[in-house]
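User: I would like to learn how to read strands and cavities in a model. Could you take me through them one feature at a time?

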Amino acid sequence: MSDSLVLTETRGRVGLLTLNRPKALNALNDELMDRLGEALLAFDADPGIGAMVLTGSEKAFAAGADIAAMKDYTHMDAFTGDFITRNWEALRRVRKPVIAAVAGYALGGGCELAMMCDIVIAADTARFGQPEINLGIIPGAGGTQRLPRAVGKAKAMDLVLTGRRMDAAEAERAGLVARVVPAARLLDEALEVATAIAGMSLPAVLMAKEAVNRAYESPLSEGLLFERRSFHSLFGTEDQKEGMAAFLEKRPPSFKNR
Ligand code: HXC
């Protein structure tokens, strides 16, 4: 539906989600985040889908949480309404990989949304920042936590305390972004990456994502143990037999569990 706040379509085994509030630069209001969560979880549950791409418009991935919608919130509105945990946590429940394809502004909640994805691919037009300080608030959807993990304390403090933006090249150098491509290539690049991932063995993909995310949640010894146990369990899959046989027979693998 073209009037929907989140457009969804499938491209082979890839679920494509497009934020669609262009006049407000994809400002993230409650309704949009409800629709996004539903769409992400629907693709996650769909056996025909192996990976997702989340994108915005040419001008903005998303310019942040909707300032007009939250300007009159009281402390009690924010606290009792569970702003923003209620409908922003869906992305954390998604087990299949989600690639953010970012062009234009990814600011505030928009930058936080990109950081919740598993891989960020940026157009050379992308601009990242946490400008909340200019509004008299701080990031509220993980910016103060995920940004230092991605780019280190020095740059995270700089961005969060000054509200300045960084361009795609700086974001790639800093480690926030996996790849930068010309704007015209952005969607094709993201879809190619997602298609490649969607062609891999699904159990291996799910475990790889889970294991990398463990690096953020646990001490090294626990993370290494988690990785090893996942690694061991994959020897119980047909796809491991197929992947290794295909390598030795010098042919592409044909994974069954996708
Ligand atoms: C509501 C927004 C918006 C936002 C843009 N718009 N960002 N509306 N919330 N976050 C609206 C504008 O009001 C305007 O509406 C239209 O989109 C176009 O924006 P302009 O400002 O006219 O465009 P431009 O001059 O090109 O500037 C682009 C911009 C600027 C630099 C991205 O819009 C901007 O600074 N936006 C706010 C960025 C921000 O502070 N984000 C953090 C929000 S707080 P009209 O009706 O006038 O055409 C946040 C907290 C997260 O995200 C906490 C957890 C969720």
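User: How many bridges join strand β3 to β5, and do the two run parallel or antiparallel?

Analyst: A word on the source comes before the answer: this is a predicted model, in which local features need pLDDT of at least 70, side-chain atom pairs count only at pLDDT 80 or more, and totals for chains, interfaces and linings use all residues. Residues are numbered from 1 along each chain as its sequence is written, and side-chain values use heavy atoms, with hydrogens and water left out. Strands (E, at least two residues) and helices (H or I, at least four) are DSSP runs numbered from the N terminus, and two strands pair if DSSP finds at least two bridges between them. Here, 4 bridges join β3 (residues 51-55) to β5, and the two strands run parallel; within this pairing, L54 has A100 of β5 as its bridge partner.

User: Which strand does β5 pair with over 4 bridges besides that?

Analyst: β5 also pairs with β7 (residues 119-123), again in the parallel sense, and A101 has I121 of β7 as its bridge partner.

User: Are the residues of β5 buried or exposed?

Analyst: Buried means under 20% relative accessible area, exposed over 50%, and partly exposed in between, computed with a 1.4 Å probe on protein chains only. By that cut-off, 5 of the 5 residues of β5 (98-102) are buried; V98, A100 and V102 point one way from the strand, whereas I99 and A101 point the other way.

User: Which element supplies the largest share of the lining of the largest cavity?

Analyst: That is α1, with 4 residues, while α1 (30-45), α4 (85-88) and α5 (90-93) each supply at least two. The lining includes M33, W88 and L113.

User: What space lies in the second largest cavity, and which residues line that cavity?

Analyst: About 30 Å³ lies there, and the lining residues include R13, G50, M200 and R258. α10 (186-198) and α11 (202-217) are the elements that give two or more residues to this lining.

Note on methods: 1 Å grid on protein atoms, 1.4 Å probe; cavity = no way out; pocket = protein on both sides within 12 Å on 5 of 7 lines; lining within 4 Å. Points joined across faces, edges and corners; volume = space filled by probe spheres on them.
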